[in-house]
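Here is a short report on side-chain contacts. It covers aromatic rings, charges over rings and salt bridges.

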Amino acid sequence: MEAPALTTTDEQLVVGDIPAPPPGLQPRPALLAQLNRASQKPPVVLTGIWGAGKTQLAATYARARLADSWRLVAWINARNSETLLAGLAAVAEAAGLSAVGSRPGPADAGQAVREWLEADGSFRLLVFDDVEDPGLLQPFVPAAGEARVLITSARDSVAELGTSVPVGVFSAEEALALLGGRTGLADEDGALAVAVQLGYLPLALDQAAGMIAKQHVGYAAYLAKLRALSAEDHLVREDEEEEPSPSGVAEAVLLAMEAASLADRLGVSVAVMELVAMLSPAVVHRDLLHSAGQAGTLLGGGRRVGASMVDQALERLNERSLLGFSLDGQAVSVHRLAARVIRAGLAQQGRLGPAGQVAASAVEGSVAALPEHPDHAAVMDMLAQVAALAENAGTATDDVGEQVTTMLARLRSLALNHLVELGDAMPHAIAIGEPLSADLDRLLGPDDPDTIRARNDLARAYRETGRVADAVPLVEQVLAARERLFGADDPRTLASRNNLASAYRASGRAADAIGLFEENLAACERLFGADHPKTLASQHSLDLAWREFAQAENEGR
């Protein structure tokens with residue numbers, strides 16, 4: 001997976017995947033003027049129902065600041081902790097806020113960004129898009145200084161973070177301008193009938209305009225299709241706390257998907273849309289989609305799809321306002337309402353499980369492309385994708401099946417391993433590793449390689465955060481599993497025995513450590529000889545344990 005987009009010049013930092021203008025963008029000058037006035041005293045919170053255009057309004061504002069050559073324009077999806085922390089870490093890295101040779105953990109990076117903007121925020125903009133939890137975001141919002149902070153959310157509680165600017169549905173004039181501009185039809189009465197049917201909601205109107213334009217149908221024909229389509233089966237609410245979809249959204253999405261399918265007989269467009277809908281609510285990088293096509297994952301059955309065909313499908317979907325692009329074109333995003341409709345449709349057809357398998361395989365393929373020393377932003381992006389896939393695959397009416405559950409567990413294990421290898425986010429690793437270890441033991445058993453790796457990684461995270469007592473039982477389990485699987489003299493077993501002995505030493509159990517160090521020393525002498533570096537290291541560890549034991553004995557007298 002690619003890192004978040006980063007562009008630098010002598011004067012300007014651009015971080016994150018700022019949305020490009022959609023095909024039917026309406027400028028909404030009155031709202032922009034209100035936003036400009038409110039932004040003098042940040043933060044500003046754009047509020048309103050899903051599909052009203054909050055993100056596009058924020059993106060219009062961000063693009064204007066880019067054109068004005070502001071020193072920083074950063075775009076962060078803040079729906080969950082993974083995407084929020086990944087975005088803040090990218091800003092910190094771009095701004096050079098970490099010391100040479102070190103990197104702050106994600107939460108520390110967020111604090112560093114806040115302090116930096118509080119100290120010197122002039123001509124700097126930070127956008128937090130799609131906020132769900134105000135408590136999650138609040139610690140990272142600058143409380144002073146001149147930085148402009150813009151927040152978008154459909155949650156009323158988030159408005160408490162700043163000055164609220166409500167974003168409503170289109171006016172009749174805006175709806176007619178969008179429909180007429182995209183379709184080229186002069187029938188205002190017909191356009192008004194469509195706008196009324198869709199509740200003047202910008203998202204639905206944009207999709208309607210795209211279909212009408214591409215299918216060359218009139219407003220009356222579109223309305224007939226809309227009214228004939230029963231979307232009740234596609235309105236599954238994935239979260240009891242979520243608001244129901246606005247009227248007409250599901251129908252507009254389904255018609256747009258039907259149009260995209262008719263224009264693509266091979267089914268690449270539908271396959272791409274279903275894959276993106278199963279993944280992150282923030283963005284999915286184009287390279288992941290290319291890799292899925294070339295690996296035969298996208299269409300299944302080993303049928304390979306070239307990158308150019310994937311790109312054509314993406315253009316088709318963008319023309320119908322089913323997904324959008326970032327400014328650099330390397331990332332795509334789908335509105336959460338459209339994604340919900342698609343996932344609900346998959347569930348009703350009994351295809352959510354296979355779709356989850358496709359998505360898991362696509363993520364697994366992109367993870368395999370991570371370098372030996374993984375890129376920080378790429379690992380954080382992978383965490384976000386795995387978390388999103390786990391949520392999306394498990395929140396629908398059908399049973400996603402054991403295979404998807406197992407694939408997700410293995411992906412979570414791999415994500416934990418990369419996170420621990422980064423070495424700068426151990427509290428985050430613990431939060432992931434604790435439930436994961438139990439899940440893997442239940443799903444795969446104690447001797448599965450992913451279970452062993454996850455326990456080992458969680459133990460390392462415990463030790464590096466000073467929780468040695470919590471690490472000890474995990475390392476004991478890892479050693480027992482490796483002895484069963486590989487025998488007493490296998491290098492993996494030797495490493496685990498050394499880890500356990502070191503954990504005993506760190507927890508004040510020098511006597512217990514001595515026996516394990518003696519076992520390792522004897523094994524190394526047999527395997528490598530007395531003068532081998534591993535043998536000498538084992539001897540040194542044993543000597544330290546004996547000294548600590550003797551010291552403890554003397555102090556106890």
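## Side-chain contacts

Phe 123 is exposed, with 53% relative accessible area. Exposed means over 50%, buried under 20% and partly exposed in between, for a 1.4 Å probe and protein chains only. This is a predicted model: local features need pLDDT of at least 70, side-chain atom pairs count only at pLDDT 80 or more, and totals for chains, interfaces and linings use all residues. Residues are numbered from 1 along each chain as its sequence is written, and side-chain values use heavy atoms, without hydrogens and water.

**Aromatic pair.** The search of the whole structure returns one aromatic pair. Its members are Trp 70 and Phe 123, with ring centres 5.7 Å apart and planes at 90°, so the geometry is edge-to-face. Rings of Phe, Tyr and Trp (its six-membered ring) pair if their centres lie within 6.5 Å; planes under 30 degrees apart are stacked, over 60 edge-to-face and the rest tilted. The pair links distant parts of the chain, 53 residues apart. Trp 70 is in the loop between α2 (54–67) and β4 (72–77). Phe 123 is in the loop between α4 (106–119) and β5 (124–129). Helices (H or I, at least four residues) and strands (E, at least two) are DSSP runs, numbered from the N terminus. Trp 70 is buried, at 8% relative accessible area.

**Charges over rings.** Arg 65 lies over the face of Tyr 61, 4.5 Å from the ring centre. The charged end of Arg 492 sits over the ring of Phe 486, at 3.6 Å from its centre. The rule asks for NZ of Lys or CZ of Arg within 6 Å of the ring centre and within 35 degrees of the ring normal.

**Salt bridges.** The count is 32 salt bridges. Each is a side-chain nitrogen of Lys or Arg within 4 Å of a carboxyl oxygen of Asp or Glu. Among them are these:

| Salt bridge | N to O distance |
|---|---|
| Arg 28 and Glu 174 | 3.8 Å |
| Asp 264 and Arg 316 | 3.3 Å |
| Asp 448 and Arg 410 | 3.0 Å |

Arg 28, in the loop between β2 (13–15) and α1 (29–38), and Glu 174, in helix α6 (residues 172–183), are 146 residues apart. Arg 28 is buried, at 8% relative accessibility. Asp 264 and Arg 316 are both buried. How exposed is Arg 410? Arg 410 is partly exposed, at 30% relative accessibility, whereas Asp 448 is buried, at 13%. Salt bridges with shared partners also join Asp 130, Glu 132, Arg 155 and Arg 336 into one network.
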